[in-house]
Amino acid sequence: MTTYRRRIPKWWPRPLREATLSIPQWFPKTAIFNSPREAAMAFPYLQQPSFLLASLKADSINKPFAQRCQDLVKVIEDFPAKELHTIFPWLVESIFGSLDGILVGWNLRCLQGRVSPVEFSIAMEFLDPGGPMMKLVYKLQAEDYKFEFPVSYLPGPVKASIQERVLPDSPLYHNKVQFPSPGGLGLNLALNPFEYYMFFFALSLITQKPLSGALHVRTSDCAYFILVDRYLSWFLPTEGNVLPPLSSSPGGTSPSPAARTPAMHFASYGLHHTSLLKRHISHQTSVNADPASHEIWRSETLLQVFVEMWLHHYSLEMYQKMQSPHAKESFTPTEEHVLVVRLLVKHLHAFSNSLKPEQVSPSAHSHATSPLEEFKRAAIPRFVQQKLYLFLQHCFGHWPLDASFRAVLEMWLSYLQPWRYAPEKQAQSSDGQARCVSERWAPFVQENLLMYTKLFVGFLSRALRTDLVSPKNALMVFRVAKVFAQPNLAEMIQKGEQLFLEPELVIPHRQHRFFTAPTFTGSFLSSWPPAVTDTSFKVKSHVYSLEGQDCKYTPMFGPEVLRLAQLITQAKQTAKSISDQYGESTASRPFLSWLGFYPSDTNSSYSTNDLDEMGQDSVRKTDEYLEKALEYLGQTFRLSEAQLAQLTLALGTTQDENGKKQLPDCIVGEDGLILTPLGRYQIINGLRRFEIEYQGDSELQPIRSYEIPGLVRMLFRLSSAINHRFADQMAALCSRADFLGSFCRYHLLEPVLVTRHLLSPVGQGRSAGCVRGPRLSLRFLGSYRTLLSLLLAFFVASLFCIGPVPCALLLVLGYFLYAMAMALLTERGKLHQL
């Protein structure tokens, strides 16, 4: 045999290249390997998983992103599942990041097409539902591999339940819990490849913190958001069936999907667990599944994973504990998290409402009904309803009182309007008003009663604590009022409340159901019209399952909405007064104020409102939003104009004779004024205010923004030295009765002290009582406005060929003439007052 020089491909890591060079080789010709597959076939003794994994890890550091993805595609195509299963956990973690948030991965939440178009297109193609990554998942799925997932990274209620050896209610965890072996670190879940991939994908939304430079990333444009939309459209199709898994090899057959674990028959969907006994984790019994249901095992798994990872962070017991003011939040969702959940809600409505009329007829409930159709009926009530309600309850109670709540609000409103995502969408009538909500949605409203009523009461509580004069807050009130004012929706909600509040004489037993034509076509839980008593029982079961048997129900059609109408009316008047004040201040503002040298009004009535920053257009928008919101609330709760006018007068929004707002509502206590709850509401919403005015020593007031701090302090020290040195002489001059005395009094005494009084209602009319002697004040020279005026005067004088010294003499002469006239007028005014 002839020994030839060995050629080693560059993509091998250095340890592999050195090991290969140390081994003798005799080939009839030079061996050249351009792919991992050829290398593995040529060196069977080197086919150990560590070499392939080490090679890929080295490439992830040394090669660019596009080349790494190209190599991964070749590895997935060439290597068998036996070798790919060892790199699968590392590959998933390198894409989505580690569960502890330390490793960022591909940072899909910040990857955008308009910023990084090449990386964006490569990542989307690689992770697409029909892309190479899913081919790897299906290839491993066909071999029935299992991967361990630590229980410690699951949502709080699930983790606590498993650690207490209690099996969670969700079938996603059944037959998957593994007890730790002796010396093990903790409990784990044994997941199949599809479940493992989706667990990491869903949790990356929560575990991965956004980078500092990603604060202004638009969520709907990022790769993660688009991937969620693609996965939902692929596995929860609104048209047709779920596409079968892709072929694992070119020309091969598609791998048969593994059986669902646990296998649950769809007849139990839509029904809550009635057993009061908690199942111990050791009793993980398996159930034989209908083979036909295997076609949607991926759809079912995808939905359960998304709901569990994104929504199941609060249980009923935890929610009840969170009502305590001393409770500490275990999980705080982000705005991006809420936007992704809203995408899920919108797609689930479209998925559930994609049933054709013949599929929801009574004859459709037969053994020939496909599992996908049953899954569409059960997706929302079985998997989503309870967890979404607790998630929304927490957001309504703990989200900050700012404009970011708009994301939670829109997600809630999307769930309340399934008719928006039905094939026959609500059309607009000829007069521009929304069409009446069809009676087919009455079962949905009744079976989600708390979503409408309890959360609306929670929104009222938030609205009463926010500044309704703010355009963003006014817009949120307008959005809610508009949704609930849709024709026939309020009647449906009121009917549901009546069914819940009516006395329950006899608990209805399982009654015989008549197979007649249904009165609606959109119920996902039954295909026959139940009797009225059975409907009442279902409404009560819904409320008790979400709130517990001892819940205290607050009707939506109660007196609380009247308080919101009151504040909206007051906020409208406040917005109008702001608009008037804005116009007056703009018209009367000097030219220098546009350059920033005019002193701002520190006693402005609405200094904390964002209307002044946004301008007159926002004031008009706020007034329009509030006007429409009040109109919609009147339609929903049947409020007449006479009632609204009476409520306005009851809150005392009329102005006093001086044209100024009254003081906030308060009572007089031992230590002064004490605000009432109404007064706090008035201050928060900018409806009334206390008159705040500086009444101390004018020389010691804080340095304003239009003053030079260093110059003001120097002038204060200079004037203080002069006043201390010549105090007796200035007092003697001011005491004279001739013209010189009046001239000195005009400059050295503060005329404001004569008329200054305390503004507190407790001591009205009582003088401030602080009398100061004559003194010189040079603080006006530290103002930008004064200095700019002097510079302009010297500049204008230079245009007329007047030098600085003559100009200064002219300014002094002019001021002396002005001061003499003012001194004479001041003395004459005092004589007339006497």
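## Cysteines

Let's start with one side chain: Cys436 is partly exposed, with a relative accessible area of 44%. Here "buried" means under 20% relative accessible area, "exposed" means over 50%, and "partly exposed" lies in between (1.4 Å probe, protein chains only). By contrast, Cys69 is buried, at a relative accessible area of 5%.

How many disulfides does a search of the whole structure find? The search finds zero, where a disulfide is counted as a pair of cysteine sulfur atoms within 2.5 Å. In general, a disulfide is a covalent bond between the sulfur atoms of two cysteines.

## About the model

You are looking at a predicted model, in which local features need pLDDT of at least 70, side-chain atom pairs count only at pLDDT 80 or more, and totals for chains, interfaces and linings use all residues. Residues are numbered from 1 along each chain as its sequence is written, and side-chain values use heavy atoms, leaving out hydrogens and water.

## The whole chain

The chain contains 31 helices and five strands. These are DSSP runs, numbered from the N terminus: helices are H or I with at least four residues, and strands are E with at least two. Of the 834 residues in the chain, 44% are buried.

The accessible surface of the chain is about 44200 Å², and 58% of that belongs to carbon and sulfur atoms. Accessible areas come from the Shrake-Rupley method with a 1.4 Å probe; for residues, only the protein chains shown count as cover. A contact means heavy atoms within 4.5 Å. Among contacts in the chain with a separation of 6 or more, 76% are between residues 24 or more positions apart.

## Helix H6 and its cover

Which residues of helix H6 are buried? Helix H6 spans residues 117–127, and its buried residues are Phe120, Ala123, Met124, Phe126 and Leu127. Looking down the axis of H6, you would see these buried residues fall within an arc of 165°, so they line one face of the helix. That arc is taken from the directions from the helix axis to the C-beta atoms. The cover over the buried residues of H6 includes helices H4 (65–78), H5 (81–96), H7 (132–142), H9 (193–207) and H10 (223–235).

Now pick out Pro89, which sits in helix H5. Pro89 is partly exposed, with a relative accessible area of 26%. Leaving aside residues up to four places away in sequence, Pro89 touches Phe147 and Tyr196. The C-alpha atoms of Pro89 and Phe200 are separated by 9.8 Å, although these residues are 111 residues apart along the chain.

## Salt bridges

How many salt bridges does a search of the whole structure find? The search gives 17, a salt bridge being a side-chain nitrogen of Lys or Arg within 4 Å of a carboxyl oxygen of Asp or Glu. One of them joins Lys135 and Glu77 (3.7 Å, N to O). This pair links distant parts of the chain, with Lys135 in helix H7 and Glu77 in helix H4, 58 residues apart. Lys135 is partly exposed at 28% relative accessibility, and Glu77 is partly exposed at 35%.

Another salt bridge brings together the side chains of Arg109 and Glu336 (2.6 Å, N to O). Arg109 lies in the loop between H5 and H6, and Glu336 in helix H13 (residues 335–352), so the pair ties together parts that are 227 residues apart in sequence. Arg109 is buried at 10% relative accessibility, as is Glu336 at 13%. Salt bridges with shared partners also join Asp59, Lys63 and Asp71 into one network.

## Two positive phi angles

Most residues other than glycine have a negative phi. Here are two residues to look up. Arg165 is not a glycine, yet has a positive phi of about 60°. You can find Arg165 in the loop between helix H8 (156–163) and strand E2 (177–178). Asn488, also not a glycine, has a positive phi of about 80°. Asn488 is in the loop between helix H18 (471–484) and helix H19 (489–501).

Are these residues buried or partly exposed? Arg165 is partly exposed, with a relative accessible area of 30%, whereas Asn488 is buried, at 17%.
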